[in-house]
Amino acid sequence: MAVQGSEKSSRRGRRSPTMGAMPLNDIPWWRWRSNVRSALHMLSDPVFQQECWLAGLDGYGDVTDAVYRLVEDTWLDNWSAEKYVGTIFRDSQEAALVDVAVLRVLRIMHQVGPDAPVSAYLQHHAWPEAVRAAREAHVRLATNDAEDPDTPPRTLEVLAIMTRAV
């Protein structure tokens with residue numbers, strides 16, 4: 001996974017003083033948090049997975065895209081989310097829930113392969129546990145950001161607009 005380049009650094013100018021209800025100075029790496037939250041949101045919603053991923057709906061990527069968004073800039077595939085408490089994650093409880101979700105999803109990805117069709121993930125015997133772990137993490141992060149965890153996931157285009165450096 002590549003480390004985020006300087007042109008996308010979260011330390012550059014910000015679009016607004018808040019992201020939803022979360023003050024941007026509350027979590028310095030809010031762009032990384034946005035990507036992790038987006039991935040967890042998609043990985044935690046079985047209805048979304050059926051209606052968007054399995055149906056091939058444009059605008060949301062696929063399971064592999066979500067997994068890479070979850071670990072790409074953070075390297076959560078190499079170390080614990082605890083490393084980011086106070087930056088991406090508010091507390092150790094958030095970090096612990098994210099770690100469980102990452103480990104479960106990555107284990108499945110390694111078993112089925114990153115280029116496997118969506119159906120291979122959804123039919124994997126451990127997928128319901130991965131979804132449950134992602135849901136627990138998603139709900140905790142969304143609630144801590146004063147957002148409704150049950151709103152539908154945002155498109156990748158909306159995510160890009162939200163995280164664009166100005």
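Mentor: Contact here means heavy atoms within 4.5 Å. The model under discussion is predicted.

Trainee: By that criterion, which residues is Leu43 in contact with, leaving aside its neighbours within four places in sequence?

Mentor: Leu43 is in contact with Gln49, Trp53, Val63, Ala66, Leu70, Val105, Trp127, Val131 and Ala134. Leu43 is also listed, with Leu40, Trp53, Phe89, Val98 and Trp127, among the residues with the most contacts inside the largest nonpolar core, which has 40 residues.

Trainee: Which helices supply at least two residues of this core?

Mentor: Each of α1, α2, α3, α4, α5 and α6 does. The largest share, eight residues, comes from α4.

Trainee: What makes the buried residues of α6 line one face of the helix?

Mentor: The buried residues are Trp127, Ala130, Val131, Ala133, Ala134, Ala137, His138, Leu141 and Ala142. Seen down the axis of α6, they fall within an arc of 165°, and therefore they line one face. They pack against α1, α2, α3, α4 and α5.

Trainee: How does the reach of α6 stand against the expected span?

Mentor: Helix α6, residues 127–144, reaches 26 Å from its first C-alpha to its last, close to the 26 Å expected at 1.5 Å a residue. Ala146, whose phi is positive, near 60°, follows α6.

Trainee: Why is Ala160 called partly exposed?

Mentor: Buried means under 20% relative accessible area and exposed means over 50%. Ala160, at 44%, lies in between and so counts as partly exposed. Ala160 is found in helix α7, residues 156–163, and its C-alpha atom is separated by 9.7 Å from that of Ser34, 126 residues apart along the chain.

Conventions
Residues are numbered from 1 along each chain as its sequence is written. This is a predicted model: local features need pLDDT of at least 70, side-chain atom pairs count only at pLDDT 80 or more; totals for chains, interfaces and linings use all residues. Side-chain values use heavy atoms; hydrogens and water are left out. Helices (H or I, at least four residues) and strands (E, at least two) are DSSP runs, numbered from the N terminus. The expected span of a helix is 1.5 Å times one less than its number of residues. Buried means under 20% relative accessible area, exposed over 50%, partly exposed in between (1.4 Å probe, protein chains only). The arc is that of the directions from the helix axis to the C-beta atoms. A nonpolar core is a set of buried Ala, Val, Leu, Ile, Met, Phe, Trp, Tyr and Cys residues joined through side-chain atoms within 4.5 Å.
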